[in-house]
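Take a walk through this chain, one region at a time. Keep the structure open as you read.

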Amino acid sequence: MQYAHISGWGKYVPARRMTNDDLAQLVETSDDWIQTRTGIVERRIVDEGETAITMAVKAAREALQVAHFSPRHVDLIIVATFSPDRVMPSTACMVQDAIGADGAAAFDVNAACSGFVYGLGIARSMLMTGEYSNALVIGTEAVSHMLNWEDRSTCVLFGDGAGAVFLQSSEHPGGILAVTLGADGSGGQFLTGPTVGNNYVPQIGADLDLNHLQMNGPAVFRFASRILGKAAKESAKAAGLEMEDIELFIPHQANLRIIKSAAKHLNLPMEKVFVNLQKYGNTSSASIPLALCEAIEEGRLEPGDHVVMVAFGAGLTWGAATIQWARALPIPQEPHWHTPTHWAWYRLSPWRSLVWRATLRLDAWVDRIYRLIRHRR
Ligand code: UT7
């Protein structure tokens, strides 16, 4: 039997900070209101040239670097996002091209803030079949592009960023022990994004803003408070564990009040709960991988520890994953001297892509000339 282990992790957040006081210059709000109601102090916002793709690429490269793994040998890339640069091509394909992962299959998942956990569940299943031996799972969001900066009920909540994990299969037990996912589309109207189809007929209400993210905050709050604890317990149970066995709880970083209520429901002391939303706000599908990366960086995980990660979001969707952390895996790693070759490959990737695109264009020209000649004959 194959197990899916996390052997690499990476994150990227834009350098541009936006504090609560900055927001108070834009809408009628205050640092006090935002901190008391959400726990958020500041968030990061993409700058010119930064997108869901560029952030995903940086997080992915960091994850591969931690795993000492060549981009050329990546089998699968799954990107969770609801704020892609375009509906198609997928963000995952753009990441595949940018890192030069020639042999990888790549696709996007949209389960809003639960997207990363959905991606993790899919990757785990694909690794467990034995058909894929590794996968990059990335959560990346440039939510700021779709916020209405005049709507104080939403613009104060979100931030941009990306997080990634690299999974490798191994016969060594542990890793991602269980993933449980759920959805309830009847609550879809509580949290919506911009429409993309011209024929789309809004069913939700006349005052619907079709260009921006809109949310019924209290309704999502009630749903989240109900589902977080339930999903976490289900996932732990599917892994054969009780919540007492969990060393670290990583909830979706949306609102500190929701997190505290879930921790209380689960009888977990706050020391076992990881919180970093004060720095980044709600980064949607990037929130869990960003939090996981920082938990690792802060030394909050020891080999053998059990972690439950749980998310909820638009859809409505939810998902929870239970992991047994094992840093030292019996997975053969590339020697360290290979790392410069990975960086050389990253530098070469845009050229590789350019040459390939030029070849395709040339091919099209040759085809056109051939058709012209044939037509004249
Ligand atoms: O990833 C999933 C994404 N979504 C979430 O996790 C959001 C879940 N919901 C929430 O986190 C909370 O519902 C919010 C933080 C969005 C709102 O907190 P709340 O305690 O539910 O406030 P509320 O919406 O009931 O609003 C209370 C008051 C209202 O004023 P009145 O009607 O009582 O006079 C709002 O107009 O606060 C007002 N308000 C604000 N005041 C200052 C709403 N937004 C703001 C604001 N600054 N930014």
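The tour goes from the domains to the ligand and then to the backbone.

This is a predicted model. The contact between them draws 11 residues from domain 1 and nine residues from domain 2. On the domain 1 side, α3 and α4 each supply at least two of the touching residues. By class, that side of domain 1 has four nonpolar, four polar and three charged residues.

Now turn to the ligand. Which residues come nearest? Of the 18 residues around the ligand, these are Thr 29, Gly 217, Phe 221, Ala 254 and Asn 255. Three helices each give at least two residues to the shell: α2 (31–38), α6 (152–155) and α7 (217–238). The most comes from α7, with five residues. Sorted by class, the shell holds nine nonpolar, seven polar and two charged residues.

The backbone has some features to check as well. Most peptide bonds are trans, and most residues other than glycine have a negative phi. Two cis bonds are worth a look here. One runs from Met 88 to Pro 89, with omega near 0°. Pro 89 sits in the loop between β4 (76–80) and α4 (91–99). Another cis bond joins Gly 315 and Leu 316, where omega is about -10°. Leu 316 belongs to the loop between β12 (306–313) and β13 (317–324).

Next come the positive phi values. His 68 has phi near 50°, although it is not a glycine. His 68 is placed in the loop between α3 (52–66) and β4. Ser 284, also a residue other than glycine, has a positive phi near 55°. The loop between α9 (277–280) and α10 (287–297) holds Ser 284.

Are these two residues buried or exposed? His 68 counts as partly exposed, because it has 15 C-beta neighbours inside 10 Å. Ser 284 is buried, because 32 other C-beta atoms lie within 10 Å. The cut-off for buried is 20 or more such atoms.

Terms used. Residues are numbered from 1 along each chain as its sequence is written. This is a predicted model: local features need pLDDT of at least 70, side-chain atom pairs count only at pLDDT 80 or more; totals for chains, interfaces and linings use all residues. A residue is near a molecule or strand if its C-beta atom, placed from the backbone, lies within 6 Å of it. Helices (H or I, at least four residues) and strands (E, at least two) are DSSP runs, numbered from the N terminus. Ala, Val, Leu, Ile, Met, Phe, Trp, Tyr, Cys and Pro count as nonpolar, Asp, Glu, Lys and Arg as charged, and the others, Gly among them, as polar. A residue is buried if 20 or more other C-beta atoms lie within 10 Å of its own, exposed if 12 or fewer, and partly exposed in between; C-beta atoms are placed from the backbone. Two residues are in contact if their C-beta atoms, placed from the backbone, lie within 7 Å.
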